[in-house]
Amino acid sequence: MNSAELAGSVVFHLGPLPVTDTVATTWGIIACLAPAAFLASRRLKSSPGRWQAALEGALIAAEAAIAEVVPGAAVRPVLPFVATLWLFILVANLVGLVPGLHAPTRDLSLTAALALLVFLSTHWFGIRSIGWRAYLRHYIEPSPILLPFHVISEFTRTLALAIRLFGNIMSLEMAAMLMLLIAGFLVPVPLLLLHLVEALVQAYIFGMLALIYIAGAMERSEDIDSSTLAKDLP
C-alpha cells in the first residue's frame, strides 16, 4: 500500500475537481443507506416481522446506550446524529471486505470530515442547551488563564478522533494484505472475522467518543432543568 493508495486514487474528474475512490465509495454508501432508511421507515406494522423487529431492536439498543451518557431529555435529539455515525462508519469499515474496494475510513480526509462534524455538533448541542453566552463562559472558568488550554484541547481531541479511526482501519487493511501475502488464501476466514470485529469496535468507539463530547457540553447546563433542555433542543 503506497502513499497514493493511502490518500485515495483519482477515479475521474468532475470538471476541475478530481474524485478519488474514497469519495466515490462514500457516495455509493450514502446512495445505498438513504433509500434503505426511507424504505425501512415505511409500512411499519404493529406486529413487526423479522426485519422490522431487528431494526427496532437495534434502534432501542442505540437509544439505551445514548441514555446512559446524556441527560434523559436530550436522548431523542442526539439519537439521529450518533446512530447515523454508528451506521455509516460501520458500513464504511465493512466495505473493505468487498474485493476491489477499500474502506473509505482508511483515508484521513474522510475521518477528518467526520471528526469535524463531531466538533461542530458538540458546540451546537451545547449552545442550544444553555445559550451561547453561558456556553462560552465555561472556557474562562474557573480562571481566564485556562482559556488557551481549553481551546487547544478542543482541537487536539478532534484531531485525535480523526487520526484514531484512520490509523486503526489503515493498519487493519495493511495487516490483512501482509497476511495474504505471507499465508496466501489459507487464512481468509480468520481474516474476515478479524475485519468484522474491528469494524464493529471502531464504529462503536468513534460514536461513543462523539457522544461523550456532546454529553460533556451538555453537562455544563446542569442547573438547567430537563424541561428547559427538551424545549430548546429540536
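User: Which residues line the largest cavity?

Analyst: The model is a predicted one. The space in the largest cavity comes to about 40 Å³, and the count of cavities of 30 Å³ or more is 1. Its lining consists of A115, V118, F119, T122, H123, E154, R157, T158, L161 and Y213.

User: Which helix gives the largest share of the lining of the largest cavity?

Analyst: Two helices, α5 (108-130) and α7 (147-183), each supply at least two residues of that lining. By class the lining has 5 nonpolar, 3 polar and 2 charged residues. The largest share, 5 residues, is from α5.

User: How much space lies in the largest pocket?

Analyst: A pocket, unlike a cavity, is an open set of points. The largest pocket is lined by 29 residues, which divide into 23 nonpolar, 3 polar and 3 charged. The space in this pocket is about 1100 Å³.

User: Which residues are closest to the centre of the largest pocket?

Analyst: At least two lining residues come from each of α2 (21-40), α3, α4 and α8 (188-219). With α3 spanning residues 50-67 and α4 spanning residues 75-94, the numbering places L55, A58 and L59 in α3 and A83 and L87 in α4.

User: At what angle do α3 and α4 pack?

Analyst: Two packed helices are described by the angle between their axes and the distance between the axes. For α3 and α4 the axes lie 10 Å apart, and α3 passes α4 in a right-handed crossing. The packing angle is about 115°.

User: How many residues in the contact of α3 with α4 are nonpolar?

Analyst: From α3 the contact takes L59, A62, E63, A65, I66 and A67. From α4 it takes V75, R76, V78, L79, V82 and W86. No polar residue is present and 2 are charged, leaving a nonpolar count of 10.

User: What percentage of the contacts with a separation of 6 or more is between residues 24 or more positions apart?

Analyst: The protein has 234 residues, of which 33% are buried. Contacts here are pairs with heavy atoms within 4.5 Å. Among those with a separation of 6 or more, residues 24 or more positions apart account for 71%.

How values were computed: Residues are numbered from 1 along each chain as its sequence is written. This is a predicted model: local features need pLDDT of at least 70, side-chain atom pairs count only at pLDDT 80 or more; totals for chains, interfaces and linings use all residues. Side-chain values use heavy atoms; hydrogens and water are left out. Axes are lines fitted to C-alpha atoms, for helices over the stretch in contact, and angles run from 0 to 180 degrees between N-to-C directions. Helices (H or I, at least four residues) and strands (E, at least two) are DSSP runs, numbered from the N terminus. A crossing is left-handed if the near helix is turned anticlockwise from the far one by less than a right angle, and right-handed if clockwise. Ala, Val, Leu, Ile, Met, Phe, Trp, Tyr, Cys and Pro count as nonpolar, Asp, Glu, Lys and Arg as charged, and the others, Gly among them, as polar. On a 1 Å grid over the protein atoms alone, a cavity is a set of points where a 1.4 Å probe fits but cannot get out, and a pocket is an open set with protein on both sides within 12 Å along at least five of seven lines; lining residues have an atom within 4 Å of a point. Grid points are joined across faces, edges and corners, and a volume is the space filled by probe spheres set on the points. Buried means under 20% relative accessible area, exposed over 50%, partly exposed in between (1.4 Å probe, protein chains only).
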